[in-house]
Structure formats: C-alpha cells, structure tokens
Amino acid sequence: MVVPGHTPQQMQAAAESAAVAPVLPAERPRPPKPRSRMMRQYDLVERVRSYNPDTNEDLLNRAYVYAMKAHGSQTRASGDPYFTHPLEVAAILTDLKLDDATIVAALLHDTIEDTEATRAEIDRFFGPEIGALVEGLTKLKRLELVSREAKQAENLRKLLLAIADDVRVLLVKLADRLHNMRTLEFVPEASRRRIAEETLDIYAPLAGRMGMQEMREELEDLSFRTLDPQAYGVVMQRLDALADRNRNLIGEIESQLARKFRDHGLTARVFGRRKRPFSIWTKMERKSIGFEQLSDIFGFRVIMPDLESCYRALGIVHTTWPVVPGRFKDYISTPKQNDYRSIHTTVIGPGKQRVELQIRTEDMDQIAELGIAAHAFYKDDIGSPTELLKRESNAFAWLRHTIGILSESANPEEFLEHTKLELFHDQVFCFTPKGKLIALPRHANVIDFAYAVHTDVGNSAVGCKINGKFAALSSELQNGDEVEVLTSDAQSAPPSAWETLAITGKARAAIRRATRTAVRDQYAGLGRRIVERLFERTKLEYADDKLKGALPRLARASIEDVMAAVGRGEIKASDVARAMYPDYKEERVVRYGAKKTAAPAAKAAAPTAEPARGAFAIPISGLNSGLPVKFAPNGGAVPGDRIVGIVTPGEGITIYPIQSPALKDFEDEPERWLDVRWDVDETTPQRFPARIKVENVNEPGSLAQVATVIAEHDGNIDNISMSRRSPDFTELTIDLEVYDLKHLSAIINQLRAKTIVARVDRVNG
Ligand code: MN
C-alpha cells in the first residue's frame, strides 16, 4: 500500500479543524451526541469500552490509523477530510453497541474502493472476518446508483444477496447511508434527490423490516426534508407550535401516569415522545386529515420492569380512564414480523386528552428501537452474529426468506414492479396445507394467495378453507393462516371481477391475462360456429388450410384471430367466405325484420364500413350464458333505455326497451321476462339499433337533408323506408345506429330544428 504523504498527526490536526456534519433539527429520543470535533482514537475506544469492556483496543487503534492513512488527503464534498466519514459511520455503530469487527469494518469500509488498500492486505492486518465484511461493503459501493427502476431493483437484489453472508454488512451500510444523508446538503442537487429517493425506497424500509426504528425514522425524515422541503417545513412548524402549546400538558400526563402506577405498587418509566415529521406527513396524506389532537403528535411510552407488570399497567390504565375503542393491540402476545413487541392502547386520559400509550419492558423497548442491532453481538458466548440472529430474530428469518425468493427470480424489472412494495410494507405470512410459507402484502386475500402458490391454482380457484373452515375467496388473510385453495378443472378462467379484488400485482396480471385469453377463446368459438353455419347454408366447402391461404386478404395473423374477429363482429362470415372464394356473392340478410328499401340517399349516407355486430356480443348482463341475444326487431334498444329481456324458447333472448308496445304481447307469460341491464364498456364505444319516424315536407332534396343531419351527428343510417302520407308530407322510417340514448336524443333534436321537418318520433317496436 502506498501511504500518502501525510503523517497521522497532520491528518488528525486537519480533521479536527474541519466543520461538523449538521444535525437534524427533529427530536430524537436518544440522539447521538453532536460532535464538535473529529473523534479521536481515544474517544472511539472509550465509546466502545463503555458497553463492551472486553473490546480489543489494539485492533480498533490499528484500524483507525490504517483508514486515516489510507484516505490521506482525500476530502468529501463538504471539504472535510474524507476520514471524517468512516469515523462518523463507526461512531453511529457504537451508538448501536456493535462488536469490534463491525466497528473496524466501518472504519475500513471505503478503503478498498477508494484507496490503494486491497482485500489481501486487510486480511493480513485485520483477519479474514473483517476482510470479508469490508469486501461485502465494497461490492455494494460499486453498484452504480441510478434512479432507473431496473437498476434500482438490481441494486436491491445485490444488496440483499450481499448481506445474506453477514448481516453486519447491512448494519454498516445503513450507518454509511445515514451519515451520507446527514451530510447530503453538500452534494449537488441532482444526485441529492436520487440518493434521497433511494433511501426512502430501499434503505429506510429495510431498516424498518430489521426492526431498527430509530434508523428508519431518521433516514425517512432526512429523505423527506430533501424531497419535499416545503411539506417538511410546514409539518415542523405545526409540530413546534402544537408542542409549545401543550408543553405543560405533556409533563402533566407523564407524572399523572407515573403516579397512578406508583399507587398500585408499580415502578414505571413514562415519557412522552413526539412523532416524527415523515410519519405524521404520510398519515396526513393517507387519511387526508390535519393534526390537531395531541394524540396525533405525541405518544407516551410506559416502560415496565417485566412482562407481567406490562399487563398490570394495562389493567390500571383501562380501569382509570375511558378506553378509545378499536385502538387496543397486543403485540406482546403476537409480535410483529420485525420482532416488535408492545401493548398499544389509547385512552381519554388526564386533561380529557386522547393519550396514546405503548406499554413494554426495557428489553422490548431496545428491540423496538434498535431491532436486530439490539442483540449483543459483542458478547463472547453468542457464537457468530448470524447464528445468534437465526436463533433469536424473526426479522432475520424474514430477511433470509426474502433473499431466498430473490435468488430465484430472474428478471429484476419484474421483481421491482411486482415485489418492491410487497417486500417493504407490512406483510402477512400464510401457509399452504403442506406448510410452505407464502409471504403476501398486508390486506392480501385468498385470491392473491392462490396466485402466489401458482398461476394455475389461481385460475382454477373456486373456493377455500382458512384454518380448516370454508371461507370466501375475498377473505383478507391474517398472519399464520393456513390456507387451502379448492380448485376445479371446470373453471378455465377466473371471473374478471377478481382483477379488482386482488391486491398483488402478480395476481392482477395473471387474472388479466387469463380473462383476455378466455374472452378471446369464447369469441373464436362463437366465430367458428357462425362461419361454419354460413358455409353449410351456402354449400361451400370449408377447410382450415384454405382459410390459412386467405389470411393476408383478411389482414389477420391466424385462423383463431379470424374466428375471434367474426365472433366479435369485426368481420362478417361473408367476408371470410369471399376471402376464400373470391366469386362468392353475399346473400341478402334481412335485419330487424324490416324490409330493406334501397333509398339512394340513405345508401350514400350510411357508412358501409361500420362492422356488423355479432348478435352474441350484445353487452347486457343478467343473462344466462349461451343463449343468443338480439334486440327488439322493430326499434331496437340503446344504452340509457330501461330494458327487459324476453325469452323465446329455441331462439334466445330479445331485448326490448321498457316502453315498447310490443311487450304487451308477453304480459301473460311472466316466466319469459328476464331482468337485464346494460353492461357497456365505456372505453370501446359501440353502436346500437334504434328506429325513428320523421315527417318532412315533400320537396326535392328533403330526404338528403335528413340523411345529412344524421350523418353529421355521427349516426349510422341502416335503413330508410318512405311512405307518402299526403301530397305535401312524406313519412320516413329510419333505422339507425347510435351510441346511446343521449346520442339518439341529440340527433332527434337536430332533425326537429330543420324547417323541412314537421315531426320526429322514436319508434319502439
Ligand atoms: Mn461510505
């Protein structure tokens, strides 16, 4: 190693005169002491010795000097000597009371990447355990941090894989990020945002999942301040004002609570704690509320000597003050996934204030604040930190589980899209009947579970049992639920409504895919029947091969595509016939039972390109599937009309508008009446048949004028028949296609406005 041309003494003197990292103005329960000068070797050793009397002072001293020499005259963006950074990172880790190897790794964490130091040399000087930690940190540093989603996902994957070997890599990495966030103001604007976003997306949630609440909160607040300084300022201002106004009240509540416990022979440590700006902000955003209540900004901690007195304290609180319903949670008997344990309750306490209480023991408090870092790695008898955490920490089990999933998933983009949120928000852990663990985001239901097990299980799910009891597929899952999904081969595709029920991206995507395929298959089947029928009737020979040759003429890629298009009504069966047999002549089809009178003007106005609608594609719900559906032959029906369906055995269902006089004919046969309603897809406008009668002045060009009005207002004329009522007036019966009732009314009104038009009425067949 090449030592830069500075003596350690010179370096230290330079470092001591350097400015100090700014300290976040937010309150912290146990803030790291602001250091007015760079920490000396002696200070660092003292900090470690205060919690670990067996510390290897020589090792710490050697690492201190080695790192200082290695970084030499390098400086940070702030102008400080670079060495202040690893030193601060080490100091943060002494606040977490970590073992010597972690502290030393923190001191050395940037040496391999940024200086002449090598892994081999670090192994030689400090041993392979520390060498491996430093190398893990070096790998992480080399990840190019860019905000592109895929890259971020890949970084997260690598981060998790790197910390799989030794969780202490994560602890150093988090401390590293925390110090960088504390000194972020010196970094150029553009990278500042990116770093803050990454911190909020990845590092803060990860700290939270490891139970390290203090770390998570400070990372969140620092990111919040960077990303939205205005909102941060507003929240801080309001917090200060409210805290100021309630200053006496908080002390009063603390002492009243403590006195109450003392009266019952319990010694408790009680303290009020202001909530953090970022958590208040997200709560305000999520529930779109302001904060006025003391309980919205202050929580009270009650720390008891042992577990039993936690419950006694709860009893005292609940018998002394009225309980706010729905706020009691016992995380002592059922700890959170990150090992958090505490009793939560809210009462109308002293001063008629809502008081939010967290009751727990000192040990639980340590875990609540420090998470995995609360386990004393430095003690001799624990074995390796990994072994200790395997024994004692659920948070660590989660981490290992997640890493397991990550090493299997190949596509980082997919991973980020479908898993990022799921990874870092509270999860539920459920089991298959065979005991396989399925991790899902909170509020997930059985549909999500089924798709998490396997797409086929999801697609064919018809029912379920949760913990042995039958339950709805939409049931929200709880931690520890054992879920048995009942499947049926008869269900080839999931109901499309599941898409809105499922909450995981994976399930939603699978449902979308399956329903798309199923709908397409349905249309293709329908189209095939329509085509076959035409070929039978016309005595033409149908063969797939022949159709294959005609695909280019139909501009479709496959036979299935053609059939689905016919089923959807996009192309007609006769188009298919003509594509296969160019001299095929279309037979006349009589529509709606009306005689087609070929009025020349009408023909000109009616765009013939408008696709014929397949009778089966009528968007009506409330029907038994499988029956053919058509509209009332004389007048049709359009969305906006109230409608009924009339069943004709052997034929199918006819849809009538409720005002149709034709319904009189079915009054004696109520069993034929069906309750139906429109089920129109707003995104793909469709046209529907309607009929109007127009009385107009009999003069040359009047028919053309009527047709023009309809065409100009985007109505399709399907048919026009004419009859002369008197020498002066002609009555036109016009079958047209419109989008809905509003559209139809607009056309009728436009016609009525014409001077040549005497009268316009809708015809209901
Ligand atoms: Mn660093």
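1. Phe-224, Tyr-232, Phe-278 and Trp-281 are joined into a cluster by ring pairs. Rings of Phe, Tyr and Trp (for Trp, its six-membered ring) are paired if their centres lie within 6.5 Å; planes under 30 degrees apart count as stacked, over 60 as edge-to-face and the rest as tilted. Phe-224 is buried, at 3% relative accessibility. For this and later points, buried means under 20% relative accessible area, exposed means over 50%, and partly exposed is in between (1.4 Å probe, protein chains only).

2. This is a predicted model, in which local features need pLDDT of at least 70 and side-chain atom pairs count only at pLDDT 80 or more, while totals for chains, interfaces and linings use all residues. Residues are numbered from 1 along each chain as its sequence is written, and side-chain values use heavy atoms, with hydrogens and water left out.

3. The structure holds 14 aromatic pairs. One of them is formed by Tyr-66 and Phe-125, edge-to-face, with 5.6 Å centre to centre and 85 degrees between the planes. Tyr-66 belongs to helix H3 (residues 57–71) and Phe-125 to helix H7 (residues 119–126), so this pair ties together parts 59 residues apart in sequence. Helices (H or I, at least four residues) and strands (E, at least two) are DSSP runs, numbered from the N terminus. Tyr-66 is buried, with a relative accessible area of 7%, whereas Phe-125 is partly exposed, at 38%. In the pair of Phe-224 and Trp-281, the ring centres are 5.8 Å apart and the planes stand at 25 degrees, so the pair is stacked. That pair also links distant parts of the chain: Phe-224 is in helix H12 (residues 213–227) and Trp-281 in helix H15 (residues 277–287), 57 residues apart.

4. The manganese ion has four coordinating residues listed here: His-85 (NE2), His-109 (NE2), Asp-110 (OD) and Asp-176 (OD), at 2.2 to 2.5 Å. Donors are N, O and S atoms within 2.8 Å of the metal (3.2 Å for Na, K and Ca); water is not among the atoms, so sites may look incomplete. Along the chain, the donors of the manganese ion follow the spacing H-x23-H-D-x65-D. His-109 is buried at 2% relative accessibility, and Asp-110 is buried with a relative accessible area of 2%.

5. Lys-336 has its charged end over two rings. It sits over the ring of Tyr-331, 5.0 Å from the centre, and over the ring of Tyr-340, 5.1 Å from the centre. The criterion is NZ of Lys or CZ of Arg within 6 Å of the ring centre and within 35 degrees of the ring normal.

6. Strand E4 (residues 343–348) is mostly covered, with 5 of its 6 residues buried. E4 pairs with strand E3 (residues 329–330) in the antiparallel sense over 2 bridges; two strands pair if DSSP finds at least two bridges between them. Strand E5 (residues 354–361) also runs antiparallel to E4, joined by 6 bridges. Where does His-344 stand in this arrangement? In E4, His-344 is opposite Lys-329, and His-344 is also opposite Gln-358 in E5. The hairpin of E4 and E5 has 5 residues between the strands, and there Gly-351 takes a positive phi near 70 degrees.

7. Two residues other than glycine have positive phi and deserve a look. Lys-539 has phi near 60 degrees and is placed in the loop between helix H25 (505–538) and helix H26 (544–554). Lys-539 is exposed, with a relative accessible area of 73%. Ala-555 has a positive phi of about 55 degrees and is placed in the loop between H26 and helix H27 (559–568). Ala-555 is exposed too, at 66% relative accessible area.

8. Glu-695 is in strand E17 (residues 688–697) and is partly exposed, with a relative accessible area of 23%. Glu-695 and Met-722 are 27 residues apart in sequence, with a C-alpha to C-alpha distance of 9.9 Å.

9. On the chain as a whole: it has 31 helices and 20 strands, and buried residues make up 49% of its 765 residues. Among contacts (heavy atoms within 4.5 Å) between residues at least 6 apart in sequence, 67% join residues at least 24 apart. The chain exposes about 36800 Å², of which carbon and sulfur atoms supply 50%. Accessible areas come from the Shrake-Rupley method with a 1.4 Å probe; for residues, only the protein chains shown count as cover.
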